[in-house]
Amino acid sequence: MATTETKGLMTYVDKNGNKFLIYPVTKAELVDGLDEAMQAFAAGLNYDDRYYTEAEIDQKLQGLPTAGHKHTKSDITDFPALGTAAAKNAGDFAAASHTHDYAGSSSAGGAANSANKLNTNAGSSTQGVYFKDGVPVVMTYTLGKSVPADAKFTDTNTWRGVQDNLTSTATNQSLSANQGKVLKGLLDGKANASHTHDDRYYTESEMNTKLNGKANSSHTHNYAGSSSAGGTANSVNGLTFAAQTTDPGAGSSLATNKVLIVYA
């Protein structure tokens, strides 16, 4: 149904095109009346049970998780018991109190007979342990000062002779403590390397200068008339010496300032 307004009066046209006058209702009054009529019509409608109303849908959706929600392990209460996971039974797992056979033993927990093991009571803080045929054996002697009477030591070069003097040139012997005391006494009597002297003493440089002008204690002198140090003297105070094996005879004349020595 469609309505129109003609000179302030409302008309309507039915489905066949017939126009009818609505008087004296205005257009605004007609619209309000139609809204009330539609609401009353909708309230009177009755749907069957194949459909949910909007209110029913909202009520059902309340409290449901969102599409991307996740769960933690604590949220899951039906985990399978141990022994059933991955198609395994409890019999497939060892008990907490299970044991193993030791090497060579015929029963669980039995003594090993094909392998050697260290026992907690092998040895002590003073007695060591050594292996004999693969088995730990406690040593007979303790690790203190006790040693066997026939003990042998491989280090045979530990003893050296002792020299109680400061003149030995031995390179494989030791100096006695007494000589150490002697050396200490000698060192104690020496001045420190950094000591100084006053003007009563000559410095090393001054002494060297003075000694450079002196002769050595082993120096020699040329004898009279000798051409070399220690040579035969052949003149004394201007005299010349000569030697021969024949006697010139009495009254023979000699050169001036010449002394003749005749020897057989």
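Among the contacts in the protein between residues at least 6 apart in sequence, 1% join residues at least 24 apart, a contact being defined by heavy atoms within 4.5 Å. The structure is a predicted model, in which local features need pLDDT of at least 70 and side-chain atom pairs count only at pLDDT 80 or more, whereas totals for chains, interfaces and linings use all residues. Residues are numbered from 1 along each chain as its sequence is written, and side-chain values use heavy atoms, with hydrogens and water left out.

Four helices and 10 strands are present in the protein, and their order from the N terminus is β-β-β-α-α-β-β-β-β-α-α-β-β-β. Helices (H or I, at least four residues) and strands (E, at least two) are taken as DSSP runs and numbered from the N terminus. Of the 264 residues in the protein, 5% are buried; buried denotes under 20% relative accessible area, exposed over 50%, and partly exposed the range in between, with a 1.4 Å probe and protein chains only. The accessible surface of the protein comes to about 23500 Å², of which 54% belongs to carbon and sulfur atoms, as computed by the Shrake-Rupley method with a 1.4 Å probe, where for residues only the protein chains shown count as cover.

Helix α2, comprising residues 54-61, is hardly covered, since the count of buried residues among its eight residues is zero. This helix is followed by Gly63, which has a positive phi near 85 degrees.

Strands β4 (residues 129-132) and β5 (residues 135-138) run antiparallel and are joined by four bridges, pairing of two strands requiring that DSSP find at least two bridges between them. The bridge partner of Phe131 in β5 is Pro136. The two strands form a hairpin with two residues between them, and Asp133 in the turn has a positive phi of about 55 degrees.

A nonpolar surface patch of about 390 Å² is made by Leu166, Leu175, Val182, Leu183 and Leu186. Patches consist of residues with over 30% relative accessible area and no salt bridge, like charges being joined within 9 Å and nonpolar side chains (Val, Leu, Ile, Met, Phe, Trp, Tyr) within 5 Å; a salt bridge places a side-chain nitrogen of Lys or Arg within 4 Å of a carboxyl oxygen of Asp or Glu. Helix α3 (residues 177-188) gives the most to the nonpolar patch, with three residues. Leu175, which lies in strand β7 (residues 174-175), is partly exposed at a relative accessible area of 42%. By contrast, Ser176, placed in the loop between β7 and α3, is buried, with a relative accessible area of 11%. Leaving aside neighbours within four places in sequence, Ser176 is in contact with Val162, Gln163 and Asp164.
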